[in-house]
Amino acid sequence: MAGSHNPKMNAHKFNCLLKSYMSESNFLRTNRDAQNPACDGPQMKNLKIPAFNYSFMPAVKFASGLASEIGEELKAIGAASQVLIISDPGVIAAGLGDTVTASLKKQGVAVDLFNDLKGETSAASIDAATETIRACRPSAVIGLGGGSALDVAKMATVVAAADHSTESYALMRRPLPPRAAKLVMLPTTAGTGAEVTRTAVFTDSRGHKVWAWGDALAADLVILDPALTVSLPHALTAATGLDAMVHAIEACTVKSSHPFVQANGLHAIRLIYQHLAGALERPQDLNARANLLTASTLAGLAIDGAGTGLAHSIGHALGTIAGIHHGRAVALALDVIFPKNATTAINIHAEIAAALGVQVDKTAAAQTAKMGAQAFGGFIRRTGIELSLKPDGLSPKDVGRLVDAIYSEENLPMIENNCYSANESAISEFARQLLSR
Ligand SMILES: [Zn+2]
């Protein structure tokens, strides 16, 4: 069993710190503020809608084949002199960089490529990309790939603007400097929503999954081209689709949630519920891919507005202790937590259940909310992901280690943001259930 943990004080300190850096942002600015006078939040005692701010985020352009027009798009934002593409080797090997490069060259743009990325994002790989940016001084950086490539592109472009290392910005230890280059995002997966968030997640030198946050990480332009996603393999389509689903559900239900977030999140849940199976069965189905890409970006906007919850604390901890793929890790975690969450924020969970295909006619909200937990469990099982963590080398003996990782400094804000305020014994029980499958 893990030692005693006290997340409340530390998470509160974090949230105050976040706000001290944000003059006009919305992240974690919530009804929790009303209960936390020490954070100087607005008092909204009698309203069911919490106080919230909402910033309208990067320009988003969607069309199949749009990647082949990126040269014109960069010209339109005044950044078409020298471009650095940050991508990963798999994306480049699949030929997805060719279309982008051809379009840029057609406009007379000089193009450099950085694709020295392996697996999930590390501070070291961001530092390496930063050195490339400092050397070639591009007018724009294009992130082309899944969440890892996009996070490297975002973070390296920001880090390159000053003299500090990537790790020195982790967990908001230092405010981010303003970027010198424009930032353009071309996602090739439908999952993380990293193209529209102001967060970058990376592994630090201790092996912990940590994050950086700030307005400087917001892109100038997001190009959504579903044709870039059709070659995504089955397992990654499932895992990234589940990540987007968990983003949408957590953003709708966390303490920081509000109607603008829920509008995006609920529609994302509907779209993923309706189209993930189609994309898995028919990888070339552009309509299914287009709907998933739209949904994952909507879910990204939702988490940018409200953050995530306990499933992401547990998911990041599973990434830290056993390298479990992020999308699978958060889906397995939410599968365990969902029934308890559904007894806390009942009305929004009833709406989520409806978005997950539960028939709501004549059914009380509390019952519908509980049925949502079953619907979510059925949904993740139909994707075929491995439910047991035993093949990953984990067993019930690892409960203490997992709980310690869940309570790491970087995971505390997500624990506190969860709709259901889980104490250590509840979190240990969730961890035990996860490791006993
Ligand atoms: Zn996630």
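Predicted model: local features only at pLDDT ≥ 70, side-chain atom pairs only at ≥ 80, totals over all residues.
**Entry: who touches whom.** Which residues of α9 meet α13? I listed Q262, L266, I269, R270 and Y273 on the α9 side. On the α13 side I noted I348, E351, I352 and A355. I then sorted the residues of this contact by kind and got 6 nonpolar, 1 polar and 2 charged.

**Entry: α13 itself.** I looked next at how well this helix is covered. Which ones are buried? They are I348, H349, A350, E351, I352, A353 and A355. I348, E351, I352 and A355 turn up here as buried residues and also in the contact with α9.

What covers the buried residues of α13? I found that the cover includes α8 (234-253), α9 (259-281), α12 (326-341) and α14 (365-382). Just after the helix I came to G357, which takes a positive phi of about 90°.

**Entry: positive phi without glycine.** I went looking for these since most residues other than glycine have a negative phi. Two went into my notes.

R137 has a positive phi of about 40° and is not a glycine. I placed R137 in the loop between α6 (123-136) and β4 (140-145). Is R137 buried or exposed? I counted 12 other C-beta atoms within 10 Å, so R137 is exposed; the cut-off for that is 12 or fewer.

M172 is also not a glycine, and its positive phi is about 60°. I located M172 in the loop between α7 (147-159) and β5 (182-187). For M172 the count is 17 other C-beta atoms within 10 Å, which means that M172 is partly exposed.

**Entry: the whole chain.** I finished by stepping back. How many helices and strands does the protein chain have? I noted 17 helices and 8 strands. Buried residues make up 56% of its 437 residues. For contacts with a separation of 6 or more, I wrote down that 78% join residues 24 or more positions apart.

Conventions:
Residues numbered from 1 in each chain as written. Helix = DSSP H or I, 4+ residues; strand = E, 2+ residues; numbered from the N terminus. Buried ≥ 20, exposed ≤ 12 C-beta atoms within 10 Å, placed from the backbone. Contact = placed C-beta atoms within 7 Å. Nonpolar A, V, L, I, M, F, W, Y, C, P; charged D, E, K, R; others polar.
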